[in-house]
Amino acid sequence: MDLEKQTATAADAPAAAAPAPGELRASDADRDRIADVLRDALAEGRLTAEEHAERVERVYRARTVGELTPLVRDLPGGQDRQQRPSAPPFAHVPGRPAAGAIPVDPDDNVVAVFSNASRKGRWRVGRRIHAYSVFGSVEIDLSEALFEYQQVVIKAISVFGNVEVRVPANISLHGSGGGVLGNFEVDSLDAGDPEAPVVYVEGWSVLGNIEARPKRGKLVADILDRVTGKRTSGPRRDVTG
């Protein structure tokens with residue numbers, strides 16, 4: 001009986017009101033975005049050095065999103081940057097694309113039969129690539145490629161051959177497959193940016209080798225613009241890596 005009363009009381013209790021957007025706790029990512037706007041404003045001469053220093057100090061003292069907003073309200077791009085949702089340090093990215101999301105027919109076939117074949121340099125990546133290696137070697141290097149789609153599937157088949165896939169270090173990489181007296185190895189990678197391209201490698205190796213891994217020092221620059229096709233600028237080199 002007491003349990004029933006407690007259940008009824010809990011059901012009748014009013015739900016707690018959700019906090020207003022400005023009352024939400026500010027994350028480190030929120031503060032960093034505002035600091036970027038202030039840095040740009042200083043470089044463009046919109047803020048003096050003293051104003052910049054004062055506002056940056058307030059940025060890193062701010063506890064809520066509402067405290068950050070006034071600091072960039074009078075600056076170009078401040079509202080857009082402030083309203084952009086925060087991305088967690090390692091955002092959830094899709095694994096295998098949903099059925100029907102990627103066409104069955106490949107945009108590109110890379111075939112090596114007793115020979116070598118490659119796709120590398122500046123090239124536009126479609127949504128699906130098929131790679132076949134029979135007593136040969138296939139190289140697919142995406143480190144300088146232009147991504148027109150966020151999800152890319154690479155299907156690889158190796159028979160007494162080798163298929164090697166290289167991707168930029170700041171995209172997501174996943175895969176599934178196996179080997180019969182052979183090797184199938186994909187170095188899984190999750191990008192911090194939820195808009196980053198996702199490359200999914202699948203296939204089988206029979207007495208051969210299939211491997212996919214990030215290429216150290218190669219990054220996709222301006223991922224969101226690259227994926228949406230707004231820019232075609234090349235990848236930048238990570239000089240710190």
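1. Helices and strands are named here as DSSP runs, with helices of at least four residues and strands of at least two, numbered from the N terminus. The model under discussion is a predicted one.

2. Leaving out residues up to four places away in sequence, Leu75 touches Val37, Leu38, Ala41, Arg46, Leu47 and Arg55. The separation of Leu75 from Val37 is 38 residues in sequence, while their C-alpha atoms are 7.8 Å apart in space.

3. Helix α4 covers residues 65–72, and its buried residues are Val65, Leu68, Thr69, Leu71 and Val72. These residues take up an arc of only 160° around the axis, and therefore they lie on the same side of α4.

4. Which residues touch the most other members of the largest nonpolar core? They are Ile140, Leu142, Ile154, Val199 and Val201, in a core of 26 residues. Two or more residues of this core come from each of β1, β4, β5, β7, β8, β10 (183–186), β11 (198–206) and β12 (209–215). Another core, of 12 residues, lies apart from it and includes Ala26, Ile34, Val37 and Leu68.

5. When neighbours within four places in sequence are set aside, Leu142 is in contact with Trp123, Val125, Phe147, Ile154, Arg166, Val167, Pro168 and Val199. Of these, Ile154 and Val199 are themselves listed with Leu142 among the core residues that touch the most other members.

6. The structure has two aromatic pairs. In one of them, the ring centres of Phe114 and Phe135 are 4.9 Å apart and the planes meet at 5°; the pair is stacked because planes under 30 degrees apart count as such. Phe114 is in the loop between β1 (108–113) and β2 (116–119), and Phe135 in the loop between β4 (128–134) and β5 (137–141), so the pair ties together parts 21 residues apart in sequence. Phe114 is exposed, at 64% relative accessible area, whereas Phe135 is partly exposed, at 42%.

7. Phe135 also forms a stacked pair with Phe160, at 4.8 Å centre to centre and 0° between the planes. Phe160 lies in the loop between β7 (151–159) and β8 (162–168), and this pair links parts of the chain 25 residues apart. Phe160 is partly exposed, with a relative accessible area of 42%. Together, Phe114, Phe135 and Phe160 make up one aromatic cluster.

8. A ring is also involved in a contact of another kind: the charged end of Arg127 sits over the ring of Tyr149, 4.8 Å from the ring centre.

9. Which residues of β10 form its covered face, and which its uncovered one? Phe184 and Val186 are on the covered face, and Asn183 and Glu185 on the uncovered face. In a regular strand, side chains alternate between the two faces of the sheet. β10 pairs with β12 in the parallel sense over four bridges, and Asn183 stands opposite Asn209 in β12.

Notes:
Residues numbered from 1 in each chain as written. Predicted model: local features only at pLDDT ≥ 70, side-chain atom pairs only at ≥ 80, totals over all residues. Heavy atoms only, no water. Phe/Tyr/Trp six-rings, centres within 6.5 Å; stacked < 30°, edge-to-face > 60°. Buried < 20%, exposed > 50% of the residue type's maximum accessible area, 1.4 Å probe, protein only. Lys NZ or Arg CZ within 6 Å of the ring centre and 35° of its normal. Arc of directions from axis to C-beta. Core = buried A, V, L, I, M, F, W, Y, C linked by side-chain atoms within 4.5 Å. Contact = heavy atoms within 4.5 Å. Pairing = 2+ DSSP bridges.
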